[in-house]
Amino acid sequence: METTELSLQDRRVLNEFQHHFPLSSAPYAELAERLGSSEEEVIGQIKRIKKAGLISRVGAVIQPHTIGYSTLAAMAVPTEEIEAAVKVINRLPQVNHNYEREDEMNLWFVVTAEDEADLGQILAQLEDDSGYPVHSFPMVRDFHIDLGFSLDWKHPYNSSSNQVHPAAFS
Amino acid sequence: MNSQIDLDAITDADRRVLEAIQGGLPLVPHPYAEIGLSIQMDEEEVIERIRILQQSGVIRRMGIIVHHRPLGYQANAMVVWNLPEEQIEAFGNAVSPLDFVTLCYQRRADLPRWPYTLYTMIHGKDRESVLQRVETLVELSPLKQQTDYKVLFSSRRFKQQGARYFNQQRTTTTQNDGATQHHPAP
């Protein structure tokens, strides 16, 4: 795997700014002040880390099932039909992850919708379009209370307050 | 689990803000002003609505959202567990604090085909280390080696994007012949 070189300053940005992003007119300038850096530098730094694939975005993690409703869904599709089924599934803008996994139940994807009824319609449509049963496994409970990534680095900025778990992909 | 959040209090204006930020804040000096421009709302209102949505728990956190894999994890498996109902909570509480368990959800089963109700995402540097970690979990489970569980490694990633609750057209197809970086969330 490619190792991305991270400066100490990069690590600080990653470690300290996963929570409590400033709600002010110039949030990056505020971050810069804390880092002893400049707004321009911080913006450039985040852009660079993002380009390297280390972060997906600066943004909000939304509590599941507050705005909208989602589920993890799965289908069992014969290997030779996978590509066709994926086309049908990925055509939907409401699908936001889609993985092939090593099991008879081999296609796994997340579907988001406006509400539970809307979700039911989308899944029914998917069954019609693909010709395969869609199994839906909505979340009942999340055992990880907090969000964010525990960066396993031994350096002075890895404060204990960051020892939380990554469930940051909502 | 969202009983403390008053969903009826979420206004159309809130939804517009959430929709506008779902792809991420722009990397410009005044990101909230830019978000506001796109939805005809002034900067102060955008900030205030985000603040309220955070206080009410609709937004769990605001900040940098990190990808796992480039930081040292290469392999991941979704491990699903079929546990007696009364043992789900204890097992979930026992395994979720482990640092290599990055997601731990209880989900509804779909009987008779799929009896599994606890989902754990296990990360490791390679397949072998993931499987060793799964063994650790098996030993923590009430029935030990008799436990009904499955390890589902991912073989290809066909799509990965942030959750979009609003109907914006955006599709991607990515193929990845190794282990995948991300995992289904809700």
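Chain B has five helices and five strands. The structure is a predicted model. Along the sequence, the elements of chain B come in the order α-α-α-β-β-α-β-β-α-β. Chain B has 186 residues, and 53% of them count as buried. When contacts in chain B are taken between residues at least 6 apart in sequence, 60% of them join residues at least 24 apart.

A helix of chain B shows how burial is arranged locally. In helix H2 of chain B, residues 31-38, the buried residues are Pro31(B), Tyr32(B), Ile35(B) and Gly36(B). These residues lie on the same side of H2(B), because the arc they cover around the axis is only 140°. The cover over them comes from both chains: it includes helix H2 (27-35) of chain A, and from chain B helix H1 (12-21), helix H3 (43-55) and strand S1 (59-66). After H2(B) comes Gln40(B), which has a positive phi, near 50°.

In chain A, a pair of helices can be followed in the same way. Helix H1 (residues 8-16) of chain A packs against helix H3 (residues 39-51) of chain A at an angle of about 85°, and their axes are 11 Å apart. H1(A) is therefore roughly perpendicular to H3(A), since an angle of 65 to 115 degrees is counted that way. On the H1(A) side the contact is made by Gln9(A), Asp10(A), Val13(A) and Leu14(A), and on the H3(A) side by Gln45(A), Ile46(A), Arg48(A) and Ile49(A). By type, the residues of this contact are four nonpolar, two polar and two charged.

Charged pairs come next. Side chains of opposite charge can pair when their charged atoms come close. Over all chains, a search of the whole structure finds twelve salt bridges.

Arg34(A) counts as partly exposed, at 43% relative accessibility. Glu30(A) is also partly exposed, at 32% relative accessibility.

Arg91(A) counts as exposed, with a relative accessibility of 52%. Asp129(A) is partly exposed, with a relative accessible area of 39%.

Lys150(B), at 25% relative accessibility, counts as partly exposed. Elsewhere, Asp14(B), Glu45(B) and Arg49(B) are joined into one network by salt bridges that share partners.

The backbone also has some particular points. In chain B, the peptide bond between Leu111(B) and Pro112(B) is cis, with omega about 5°. Pro112(B) is found in the loop between strand S3 (101-107) and strand S4 (118-124) of chain B.

Positive phi values occur at residues other than glycine as well. His20(A) is one of them, with phi near 55°. This residue lies in the loop between H1 and H2 of chain A. His20(A) has a relative accessible area of 65%, so it is exposed. Lys144(B) is not a glycine either, and its phi is positive at about 45°. The loop that holds Lys144(B) runs between helix H5 (127-140) and S5 of chain B. Lys144(B) has a relative accessible area of 38%, which makes it partly exposed.

Technical notes. Residues are numbered from 1 along each chain as its sequence is written. Chains are lettered from A and ligands numbered from 1 in the order in which they are written. This is a predicted model: local features need pLDDT of at least 70, side-chain atom pairs count only at pLDDT 80 or more; totals for chains, interfaces and linings use all residues. Side-chain values use heavy atoms; hydrogens and water are left out. Axes are lines fitted to C-alpha atoms, for helices over the stretch in contact, and angles run from 0 to 180 degrees between N-to-C directions. Helices (H or I, at least four residues) and strands (E, at least two) are DSSP runs, numbered from the N terminus. Angles under 35 degrees count as roughly parallel, over 145 as roughly antiparallel, 65 to 115 as roughly perpendicular and the rest as oblique. Contact means heavy atoms within 4.5 Å. Ala, Val, Leu, Ile, Met, Phe, Trp, Tyr, Cys and Pro count as nonpolar, Asp, Glu, Lys and Arg as charged, and the others, Gly among them, as polar. Buried means under 20% relative accessible area, exposed over 50%, partly exposed in between (1.4 Å probe, protein chains only). The arc is that of the directions from the helix axis to the C-beta atoms. A salt bridge is a side-chain nitrogen of Lys or Arg within 4 Å of a carboxyl oxygen of Asp or Glu.
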